[in-house]
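This briefing covers a sheet, the helices packed on it, and the surroundings of a ligand.

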Amino acid sequence: MKATVHLDTQHHVGPIDRRVFSGFLEHLGRAVYEGVYDPGNPRSDEQGFRQDVLEALRPLGMATVRYPGGNFVSCYDWKDGIGPLESSPPSAHSASSSSNYDWKDGIGPLESRAARPDYAWRTIESNQFGTDQFMAWSRQLDTEPMMAVNLGTGNTADAAALLEYCNLPGGTYWADQRTRHGNAEPYGAKLWCLGNEMDGPWQAGHVPAAVYAQRAWQAGQMMKGLDPTIETVACGSSHRNMRTYLEWDREVLEYCWDHVDYISAHRYSENRRDDSAWYLAEGLEIDRTLEDYAGLLNYVRGVKKSGKRVYLSFDEWNVWYRARDGDGHWQTAPHLLEEVYNLEDALVCAQYLTSFLRRADVLKIACMAQIVNVIAPILTRPEGLLRQSIYYPFALLSRYAHGRSLTPVIHGPTYQAGDRGEAPVLDAAASYDEETGQTAIFLINRSQGEELTVEIDLADRRFAGAGTVDLLGGGDVKAANSWEDPHRVVPVQGSAALTEENRLRVRVPAPGLAVVRATVAG
Ligand code: AHR
């Protein structure tokens, strides 16, 4: 099979925000405890941070990491598997009598921190890792914190107090507490999520959109009043299948437009039917979600006759459908949501990223959910770690997508993607960095049977040489890395040829990903 990708360095959707390569760390299962934080383990430093995990995360180049949840901040019960795949009428459940996560439990001397029940995942939260630990860990990773406040059972005053604790210089109660805990320098956290999945009836404190909008507006005003340099993210829809999808978002945006910077979207992909042809076309649905939000954001901007822009923060995305049981049976750091990923999952993750790049005009932040042990690219054991298949597309795209996002025009074959209908065999995105003259082209072959030969044509410039190629995949879609066989799904070097017409010719494995890098002649 053959396909052609036409590019032009002047035909683009704007600069790629590095924050589309971000992560998410939730107090859930073994993500924090035994994941990033494991005091006493010989692989951890004196602060308890697993150094091998940090080393494995660094090549992912995550610009920001969202914390501490997720459902952890205000969900009342996940154990029945309720969640964003289904939606029920608003206010079907009332708020829990507990306060769910209270950030104040996670500060101060470790020995005086109270253990609390975590209602979301039915585990015991020791609170040994809290805000100060997360900030110190973020510094070691060289990433920016993205904080989520509890707007379910928490109130706006508590949210503002957390901001005061993190960002104010001193001389006020909470800022002085931070200094007392050994951190005189403010953390300067810039990104703040105003709750999590507040459209979902599984959140304690879930309310109709109009009520949430007022709450988010109030919290945002108080927080920006304390630190006008912050950016806020209002909760959008938890999933495209939600009954209130886009309507919730519209109401929130119409109310908060002048006071928020982003609206969130979440999505978890699945292949429950075990239909790989269908699953490998998941990018079509991701594209549609981004189109939906592009339309909505323009609509609200138009209705408000506003010169201001609000962008999309896709702050939870991944594949998640096998390890859905979220009942921790009141254990500490139980094995929860430890999804094992294969090649087809890696290619779906690659499609999230290519889709995000193509809509760099609308999407500024995207967090892979999550980063370690829980639906994650990395699994740990006390004596080591394993990189799962989904680690590699993230690492490759994050490393090479720089500069502006080019708009690819694709000519190529289609295939029958189950009940999604006809889908293009080739999915592609491309970037061009004017400063370095480097272009990177990301090609995904959705075919399970046939290699795809792709010719890349650059209309306004010339490729200086054949460049370099990394390939992932080919063969069994169910191939996965394991502790016994950790290198089954890893990138290998490929090659490109430069044709007489100055086109790059690359062979993309079936199914697989090719990442092509070439210098563009001046
Ligand atoms: O990432 C797992 C869970 O999925 C998060 O806690 C929640 O926000 C989402 O529904």
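Eight bridges connect strand β19 (residues 426-433) with strand β20 (residues 438-445), and the two run antiparallel. The model is predicted: local features need pLDDT of at least 70 and side-chain atom pairs pLDDT 80 or more, while totals for chains, interfaces and linings use all residues. Residues are numbered from 1 along each chain as its sequence is written, and side-chain values use heavy atoms, with hydrogens and water left out.

**Sheet**
- Alanine 429 stands opposite phenylalanine 442 in β20.
- Strands are DSSP runs (E, at least two residues), as are helices (H or I, at least four), numbered from the N terminus; two strands pair if DSSP finds at least two bridges between them.
- An open sheet of seven strands has the order β2-β15-β19-β20-β26-β22-β23, with antiparallel pairing.
- β2 (12-15) and β23 (492-494) are at the edges with a single partner strand each, so one side of each lacks a neighbour in the sheet.

**Helices on the sheet**
- Helix α10 (residues 343-358) packs on the sheet and touches β2, β15, β19, β20, β22 and β26 (contact: heavy atoms within 4.5 Å).
- Helix α11 (residues 391-400) also packs on the sheet, touching β19, β20, β22 and β26.

**Ligand**
- The ligand is surrounded by 13 residues (a heavy atom within 4 Å); the closest are Glu26, Asn71, Glu197, Tyr268 and Glu316.
- An oxygen atom of the ligand lies 2.8 Å from a polar backbone atom of asparagine 71.
- Polar side-chain atoms lie 3.0 Å from a ligand oxygen atom in asparagine 196 and 2.7 Å from one in glutamate 316.

How values were computed
Axes fitted to C-alpha atoms, helices over the stretch in contact; angles between N-to-C directions. Polar contact = N/O pair within 3.5 Å; in protein donor to acceptor, adjacent residues only side chain to side chain.
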